Amino acid sequence: MSNAARVFLDCYAQGKEPEGGWTFGKALSQARLDYSHASLERVNTLLDQIRAKVKPEREAFLSTPGGRNFCDLLAYYLVSFVVKKSGARIGWHDFASAQQVLGSAARLAEGTQSRIVAIARDVGVALLPLVWIEDKLFGAGLAPTCANYVAGCGARLDHAGPVAWAAAVHSLGFLASYSMFMVSGGTVLAPTLLRPDADGERFSLVAMFDDTADGALQRGRAALAQEEGGPRHAAFACEASVGLPKGRTAIVVELRCHGDNPLAVTVVFPYRAATDPHGFAIFKPQLIEGSVPAEAEGLFNRSLEAGIQHFNWPSGSWARFRDAAQAVETQARQQDRDVVAYADGRHAMTGDAVLSGRGLFPSCVIEVGQAAGEAAGLRIQLCNGTRQTLSPDEARDTLVFVARQSPDFVTACVRFLQQQAVNGSLDQTLRGAPHAQFALGNLQFHGLALERDQRQGLCLWQSAADSGYAPAEREMGIIYLEGGVLAPDPSKGLGLLRRAVDKGDPVALTRLAMMYQEGLGVARDEAKAVTLLRHAAAAGFADAQYHLAMCLQDGRGVVQDYELCVQLYAQAAAQGHAASINNLADKYEHGLGVAQDFDMALSLYRNAAEKNVIAAWYSLAGMYADGRGVARDVEQAVRWMKLAAEHDFLDAKARLRAMVLDSNAALRSQGAAALLDASRLDAGTLHELAGRIYTPEIAESLPVAFLLYLQAANKGHADAQLQVAFRYRRGFGVEMDVPQAIRWYQRAMASGSPYAGEDMGEIFEYGELVPKDLRRAAELYAKAIEAGSLTARDRLEALQRSGVATPDPGKVGGTGKPGWKFWY
């Protein structure tokens, strides 16, 4: 996807088109996507004009390569604009790769709007520019302006601290890693300055020399100061003694980030020299000068680590030498204290290769720590790149130790499973052969850590099931029940599922409970479903807790009990179960089984909304519309209800229309008051209010908008004159009157509107209550092009292809103005 972005933007910059071209190519060219703020206004006007004049249909427009390419180019441009202004580092993804990067905690809605996703990896923010573009082209006219959308993207990127710091701290980490590599082999580090290029995409390392370490520091500080007005940031590294324990020295890195969000910090990276008998080791860095706000600490630490890992050590690795130091420090720190241990009694250490998810997924321990006064814990990285934080109990119950300090934890874990599958015992523990067969089958069936091979995965699952391993029996049972990979065999599937249920497998218990509840393959028995769900919920399975809570909420198979229902929703919500979070919010909103608490409800709804729960969008809209737990905000209400309406949720479409009608009624009242005081208001104010009031599907808005446009037009506002002409032409808010339309089009042309001539050209091209005159239409299109229209050239070229003579530029005439004064 990153290559596609470069190709599209390069094609545009070179005046070319990609394969399939792009619709409105000439208009795009004239929009001048030059990364100026004025370009955002041009993009906004381009999309508004296309929506108003062409009225494209979403499916038809996006079904053509040109239409998709048009939207894609604007998506790449808008995010690139944000990148240039903010310094963010962006990775481009399609839906599948974006979902893989974001993980299950942030589910994207699949569709045309998520086929291009920009992920700012330093801050974990996903931008979907096609949502705004498609809303602007095909929506109800409620999308924010382009400038406001871009500003909103910048605000999202800065939510955890200035995103410009992320790139700067990333450079700090890279320079530290490079410097540490230099000294790891005994080489003396030359004081080094890191300078980013002007575009921030690349940087150079400049060696500096001095007789003493203090002198090198002074030279580095001087060089950093000289960067003001230059690149966004610069960093300087050298060796220095800063009062460290005996036998240790340090790399000192100073960073200066300039611009709207300045940052000045000095970080010390202590190490044990390669000449030490115990060998080279990297110790925990320390911030010794400057400070980082608490809300930006996460951004700072993630960016520092990313920068450290970005430098590719030709031999050895930062992690290897850091782990050597951490192992010593961790062992010393954890003496006489509780430690994190696996089920076999081994203490967890950074760098351990482990199988997570109760022995299923190859993972690596990346951090073992204990904050003062808090319980110990650890963090792991899974084979799909996601990370998890586990408590000591979770580590003991769900991790299987594989190896210490493995350079490739995925390979180590796969080999471990392969060995266990062949040589392990036949017991049902996480170290037995049946589990290893199941885990390997899971990796192959889903293509995790191993090449996807569903047939081989099924063979391994079947072997584990034949040994009586419950998870394998359950998965094989589901496959036989559903069919697909294997021919469906309901009897065999139900038998395997019951075998897993008899062994207490919570997933199997929940699946069978749902079958009894709905009468799928078994006789409906809601009471039996509840019994099965109670067993699975008691095992801590979030899905079972959710479904049991639903039964208690609705009184299905059990007496209704809101208090127990709330407890179960809370237990599942604590595990991140999205639907449970939403339903718990509902109980707090309405005071069912718990004291009514609008603040808690709002917080939970927002959490669920971020997980794309449609019901949460609907409920949030209602709270904003009614002002419950939050200040009344019709704009926010419309925003959330619009999302729910797009999925046909309950009566969301009807409520959205009511909200829009209510909002428009208030605006019409403002409009009526403005008309009474029109002589005192400037043309721009009248024009802006008319545009806010005008809603095509609300008939009452049309005459009010027309009268406001007319007042602004009489004051000489070019676009208002164009709008009056258009409304006379179409009969929007006023009786249709083509001669009046032509008079107003002529006034708008005289005022410099680039689109008045184009609209008049349409009248003569199609003979709308005037004699059809293609030559006159061509002349008017040429005038519109001269005045700055972005869409008239396509119309003129279409006439030329049909045989209409090309207007003589010297005889076309025009306004005598280089462009529309309201365009810029």
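**Exercise 1. Decide whether F24 and F70 are buried or exposed, then describe their ring pair.**

Step 1: F70 is buried, and F24 is buried too. Buried stands for under 20% relative accessible area, exposed for over 50%, and partly exposed for in between (1.4 Å probe, protein chains only). A word on the model: it is predicted, local features need pLDDT of at least 70, side-chain atom pairs count only at pLDDT 80 or more, and totals for chains, interfaces and linings use all residues. Residues are numbered from 1 along each chain as its sequence is written, and side-chain values use heavy atoms, leaving out hydrogens and water.

Step 2: The structure holds 27 aromatic pairs. In one of them, F24 and F70 lie 5.9 Å centre to centre with 70° between the planes, an edge-to-face pair. Rings of Phe, Tyr and Trp (its six-membered ring) pair if their centres lie within 6.5 Å; planes under 30 degrees apart are stacked, over 60 edge-to-face, the rest tilted.

**Exercise 2. Classify the pair of Y35 and Y77, and find which charged end sits over the ring of Y35.**

Step 1: The ring centres of Y35 and Y77 are 4.9 Å apart and the planes stand at 45°, so the pair is tilted.

Step 2: Y77, at 1% relative accessibility, counts as buried, whereas Y35 is partly exposed at 22% relative accessible area.

Step 3: The charged end of K84 sits over the ring of Y35, 4.9 Å from its centre. This requires NZ of Lys or CZ of Arg within 6 Å of the ring centre and within 35 degrees of the ring normal.
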